[in-house]
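Here is a short report for a reader new to this structure. Look over the sequence and the model first, then read on.

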Amino acid sequence: MEIPVRAASHSYSVTIGKGILNEAVAAVNDLFAKADKIIVLTDENVWSAQQSYFEANFPHAFRLLVMPAGEKCKSFDNYNAVQTYLLEQKCTRKSMIIAFGGGAVGDLAGFAAATYMRGIPFIQIPTTILAHDSAVGGKTAINHALGKNMIGAFYQPEAVIFDTIFLHSLSEKEIRSGMAEVIKHALISDAHWVEELLEGDRITGLPEDLLANYLAHGIQVKAAIVEQDETEQSVRKYLNLGHTYGHAIEAAAGYGRVAHGEAVMIGLIYSLLLSEKYGKVDHQFTKRFLHFAIENGYPFEAVQEFTFEQLTEYLLKDKKADYGQLQFVLLETIGQPFVQKVELEQCREIDRQLRALLVEVQQ
Ligand code: NAD
Ligand code: ZN
């Protein structure tokens, strides 16, 4: 299946399906024909799990750099190592980067491509569920010691090729993490879809066809938003539902221990509680959604490990915080997001409600 992304700066397509790598690469042969060198950037976990399928189905000669796995590849040191490699390989403005991995590889490779010689083309070949989100839309970044994703660029890929075969080697934790972003896409767009998810099977054990269908749906939601607002001046903010409080949990826990999407799920519950106050979301819905999240194994125990004061430090670092005031994406009703400024005292009260609800629901 092909999904067009018509971003203001540049249009491209996302191809998604099972076993499509070879065919989808052939379909964008004109991009490859222009490239003088092809550099595949991947990480050690992805490469050890998927090397043989990739090599058997990627039809071009390439040079390979295997990077440290996960968030570690988004360090300044690794960014430097990648640029050194590109220079050593005598890459030019016509060289093409392939980001083969999850969101971490994609963010790093995209930023390396955006900045090497002021920008060279790159293609995303995502390998995680989460990357149905991160590989589309052109946000690229690396981390700074003082904050995650603080150094980056908006830079769109030339194409996204999403072969769902790569998802077979994901751990349950990574499936759960990625599904939180799928659920986020449902919450900001479509109440019926949310119902279907809540009523459906365990989200870590979805039939493959249904999963592919949900991923395509999520990509369509994201593409439609990015087409309206590539650089997050307005509606793109909706994609941050659950991310303000989620990022604080993720950062406080130390990156990696609570996966990005696991933290986002905790943040989604927090935004539902805020949405009861500022929108029309019903408390019964929040409770039902929380039951669903707990049954699916999201690690809510992480909340109890920190005080609100500890989380505040991270909440205030949020890129959406304007002049010290916090901005949240909330839901008027399911499927209808809006942006709301919230005072810190109110955040503290909702944090207290979240902790009380967790005790109530888990008893
Ligand atoms: P990740 O890339 O760190 O991958 C998670 C783990 O799974 C890693 O250890 C990785 O090595 C391993 N892995 C990846 N694919 C695998 C496969 N097919 N088989 C076995 N193991 C595999 O994490 P992620 O969840 O994909 O992405 C998270 C990152 O994405 C964060 O850095 C986050 O900031 C970023 N992100 C970016 C955007 C964006 O719009 N650019 C959006 C959301 C998240
Ligand atoms: Zn996210």
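Which residues does Leu206 touch, not counting residues up to four places away in sequence? The list is Met179, Asp201, Leu211 and Tyr214. This is a predicted model, and every value below was computed from it. Leu206 sits in the loop between helix H8 (191-199) and helix H9 (208-228). Its relative accessibility is 15%, so Leu206 counts as buried.

**The zinc site**

Ligand 2 is a zinc ion. Glu181 (OE), His243 (NE2) and His260 (NE2) coordinate the ion, at 1.9 to 2.1 Å. Along the chain, these donors follow the spacing E-x61-H-x16-H. Glu181 belongs to helix H7 (residues 172-187) and His260 to helix H11 (residues 260-278), so the pair ties together parts that are 79 residues apart in sequence. Glu181 and His260 are both buried.

**The site of ligand 1**

Ligand 1 has 24 residues around it. Glu71, Gly103, Thr128, Lys148 and Ser169 come nearest. Sorted by type, the shell holds 6 nonpolar, 10 polar and 8 charged residues.

Which elements each supply at least two residues of this shell? They are helix H3 (44-57), helix H5 (103-115) and strand S8 (147-154). The largest share comes from H5, with 3 residues.

| Residue | Protein atom | Atom of ligand 1 | Distance |
|---|---|---|---|
| Glu71 | polar side-chain atom | oxygen | 2.8 Å |
| Ala104 | backbone N or O | oxygen | 3.0 Å |
| Phe166 | backbone N or O | nitrogen | 2.8 Å |

Taken alone, ligand 1 exposes 860 Å². The protein buries 89% of that area.

Start with Thr42. This residue is found in strand S3 (residues 38-43). Is Thr42 buried or exposed? Thr42 has a relative accessible area of 0%, so it is buried. A polar atom of the Thr42 side chain lies 2.7 Å from the backbone oxygen of Phe100. Phe100 is also among the residues in contact with Thr42 once neighbours within four places in sequence are left aside.

Next comes Ala114. Ala114 lies in helix H5, the helix that gives the largest share of the shell around ligand 1. Its relative accessible area is 14%, which means that Ala114 is buried, as the cut-off is under 20%. Beyond its neighbours within four places in sequence, Ala114 is in contact with Gly119, Ala153 and Tyr155. How far apart are the C-alpha atoms of Ala114 and Gln156? The separation is 8.7 Å, although the two residues are 42 residues apart along the chain.

With neighbours within four places in sequence left aside, Ser134 is in contact with Gly103, Asp107, Gln124 and Lys222. One of these, Gly103, is also among the residues that come nearest to ligand 1.

**In brief**

The zinc ion is held by Glu181, His243 and His260. Ligand 1 has 89% of its area buried by the protein.

How values were computed
Residues numbered from 1 in each chain as written. Chains lettered and ligands numbered in written order. Predicted model: local features only at pLDDT ≥ 70, side-chain atom pairs only at ≥ 80, totals over all residues. Heavy atoms only, no water. Near = heavy atom within 4 Å. Polar contact = N/O pair within 3.5 Å; in protein donor to acceptor, adjacent residues only side chain to side chain. Areas by Shrake-Rupley, 256 points an atom, 1.4 Å probe, with all protein chains shown as cover. Helix = DSSP H or I, 4+ residues; strand = E, 2+ residues; numbered from the N terminus. Nonpolar A, V, L, I, M, F, W, Y, C, P; charged D, E, K, R; others polar. Buried < 20%, exposed > 50% of the residue type's maximum accessible area, 1.4 Å probe, protein only. Contact = heavy atoms within 4.5 Å. Donors = N, O, S within 2.8 Å, 3.2 Å for Na, K, Ca; no water.
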